[in-house]
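Me: I am new to reading protein structures. Could you take me through one, feature by feature?

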Amino acid sequence: MYFDPDLVNPPTHLIIGGERCAGVTLNDVHSPSRHALVRPVGWASDAQVDQAVQSARLAAPGWAALAPRERAGLLARFADLVDAHAEELARLESLVSARIYSEVIARDVKVVSGVLRYFGEFADKIDGAVTPTPRNSLSFTVHEPHGVVAAISPWNFPMILSSWKFAPALAAGNAVVLKPSELTPFSATRLAELALEAGLPAGVFNVIHGDGAVGDALVRHRGVDYVTFTGSSATGARIMAAAAETGLKQVSLELGGKGPQLVFDDAGDLDRLAAMIARGITYNSGQVCFAGSRLVVQRGIADRLTAKIAETMHGLQFGETWNTAANMPPIINERQIARIDSIVQASVAEGAKVVCGGERIAHDGASFFAPTMLSGMAPDSIAIREEIFGPVLAVQEFDSFDEGVALANHAEYGLTASVHTRDISQAFKAAQAIESGTVWINDWGRRTDFTAPFGGYKRSGLGKDMGRPGFEKYLKSKAIWLEIE
């Protein structure tokens, strides 16, 4: 056991204006690893949402006026504190999320500290421009922060996806009000405390807790200038509408996916490929927006490849996030596992064949779903159409290049895709033809780099996180003209 969950006592409060504030109501947060393990968290009232936004509005001008190198220095100090508290943060994360403790230590915490340093260094790297004008005029552009950024983050990678928002927003000179998922609230509170310890001014980084109603109040607040959200496409559409109704706020949305693994029959080492594809749908038990959830495979190798994937899936070990032997964590809650199961059963009723899995795993006090592979589905099957957000791989077979690309292109989603082939020309041709924000060639999954922008096409979102675009979206540009007499 990595840690004793019974000894972890998370913070219950909000962080507003640099102060710890009790929420109006205490609500239970259940551990997905052991449903009977419950910890309370305070939810914000509408008045506290307003207080958080007003605190951010008061703090934003001074933070924006701070010398960029000073902001960068404070964010670097924040990053150092994140690294120093890695074990504490990992326990908070693993207690109530599906993130395995060893992965949080090895990856998640390092991403948080890394993005703080990476975007901190952007603070003085974005230049304006002097534009061509007549000799008696001077025209130049400057960049300014939006002001108050409302950030709403999901439950599947709580710290990472929160940091993708608050780190660049803060580096650009904005104040932030963060609402993490009500299912995984605790690490965000601790991060805000570390920000204060690092020396960030009170009100620059606020954290409030609550459900969708709290998020809606935050998005609709007229003191918010910019909204950034990661979550489902349906919720993203509602957030976009709410932001438009209350001032036409700018919005960036990182939403759902239905990523294809497009495999041609010259893909090479099938053992390596099978392990990669299995990981692409079972990592975090499939609770990943960029999961490789559709295997689009050329018919000549389909049977051999699917057999190897099934064999890999059978070897995975279920367990609590603090279990040292586990590599398949629980599904976040009963509602989500019921949805996964209902889609699998509906697919079977439509004619899908269960190659492996297809059922819940009996476990005392937690929700696990067996790694599942479905084949023989029609193109309009629910398992092909819907983002399942669980360890369910839908298999489609093809003969020609054009047929494979057509299947890889989803009608609604376009977040990520993978292409597997030894023919580099075929690989690039497929990558160009697939309508997706990211295409990996002979690979799957994001690494711990920060330079590549991430965002989708179609219902997979608007705007980019990470990389230069992930910083620049938190700035607005202004043209200044001077007439020379």
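Me: Let me start with one residue. Where is the place of Asp465?

Reply: Keep in mind that this is a predicted model. Asp465 sits in a loop, between strand S23 (461-462) and helix H15 (467-472).

Me: Is Asp465 buried or exposed?

Reply: Buried means under 20% relative accessible area. Asp465 has a relative accessible area of 3%, so Asp465 is buried.

Me: Which side chain does Asp465 join in a polar contact?

Reply: That of Lys473. The polar contact between the two side chains is 2.6 Å.

Me: Now another loop. Where does Asn284 lie?

Reply: Asn284 is in the loop between helix H9 (270-282) and S13. Its relative accessibility is 3%, so Asn284 counts as buried. Look also at Ile331, 47 residues apart from Asn284 along the chain. Their C-alpha atoms are separated by 8.6 Å.

Me: On to sheets. What is the order of the strands in the open sheet of seven strands?

Reply: Read across the sheet, strand by strand. The order is S14-S17-S18-S13-S12-S20-S21, and the pairing is mixed.

Me: Which strands stand at the edges there?

Reply: Strand S14 (353-356) and strand S21 (438-441). Each has a single partner strand, so one side of each is left without a neighbour in the sheet. Neighbouring strands in this sheet are turned against each other by 25 degrees on average, direction ignored.

Me: How many bridges join S13 to S18?

Reply: Five bridges join strand S13 (residues 294-298) to strand S18 (residues 392-398). The two strands run parallel.

Me: How many bridges join S12 to S20?

Reply: Three, between strand S12 (residues 260-263) and S20, and these strands run parallel. Val263 has His420 as its bridge partner in S20. S20 also pairs with S21, in the parallel sense, over four bridges. There, Thr416 has Thr438 of S21 as its bridge partner.

Me: Why is S20 largely enclosed by the rest of the structure?

Reply: Count its buried residues. In strand S20 (residues 416-420), five of the five are buried, so the strand is largely enclosed by the rest of the structure.

Me: How do I read the two faces of a strand?

Reply: Start with the general idea. In a regular strand the side chains alternate between the two faces of the sheet. In S20, Thr416, Ser418 and His420 are on one side. Ala417 and Val419 are on the other. Both faces are covered, as all of these residues are buried.

Me: Let me try S10. Which residues point one way, and which the other?

Reply: Tyr226, Thr228 and Thr230 point one way, and Val227 and Phe229 the other way. All are buried. Strand S10 (residues 226-230) is mostly covered, with five of its five residues buried.

Me: Which strands pair with S10?

Reply: One is strand S7 (residues 148-152), joined to S10 by four bridges and running parallel. Another is strand S11 (residues 250-254), paired with S10 in the parallel sense over five bridges. Now follow Tyr226. Tyr226 is the bridge partner of Val149, and its bridge partner in S11 is Gln250.

Me: What is the order of the open sheet of three strands?

Reply: The order is S5-S6-S24, with antiparallel pairing. S5 and S24 stand at the edges, each with a single partner strand, so one side of each lacks a neighbour in the sheet. Three bridges join S5 to strand S6 (residues 137-145). One to look for: Thr131 has Ser139 of S6 as its bridge partner.

Me: Is Val130 buried or exposed?

Reply: Exposed means over 50% relative accessible area. Val130 has 62% relative accessibility, so Val130 counts as exposed. Val130 lies in strand S5 (residues 129-131).

Me: Which residues make a nonpolar surface patch with Val130?

Reply: Leu138, Leu482 and Ile484. The patch is about 340 Å².

Me: One last residue. Where is Glu485 found?

Reply: In the segment after strand S24 (475-483). Glu485 is exposed, with a relative accessible area of 96%. Compare sequence and space for Glu485 and Asn136. They are 349 residues apart in sequence and 6.9 Å apart in space, C-alpha to C-alpha.

Key
Residues numbered from 1 in each chain as written. Predicted model: local features only at pLDDT ≥ 70, side-chain atom pairs only at ≥ 80, totals over all residues. Heavy atoms only, no water. Patch = residues over 30% accessible without salt bridge, like charges linked within 9 Å, V, L, I, M, F, W, Y side chains within 5 Å. Areas by Shrake-Rupley, 256 points an atom, 1.4 Å probe, with all protein chains shown as cover. Salt bridge = Lys/Arg side-chain N within 4 Å of Asp/Glu carboxyl O. Buried < 20%, exposed > 50% of the residue type's maximum accessible area, 1.4 Å probe, protein only. Pairing = 2+ DSSP bridges. Axes fitted to C-alpha atoms, helices over the stretch in contact; angles between N-to-C directions. Polar contact = N/O pair within 3.5 Å; in protein donor to acceptor, adjacent residues only side chain to side chain.
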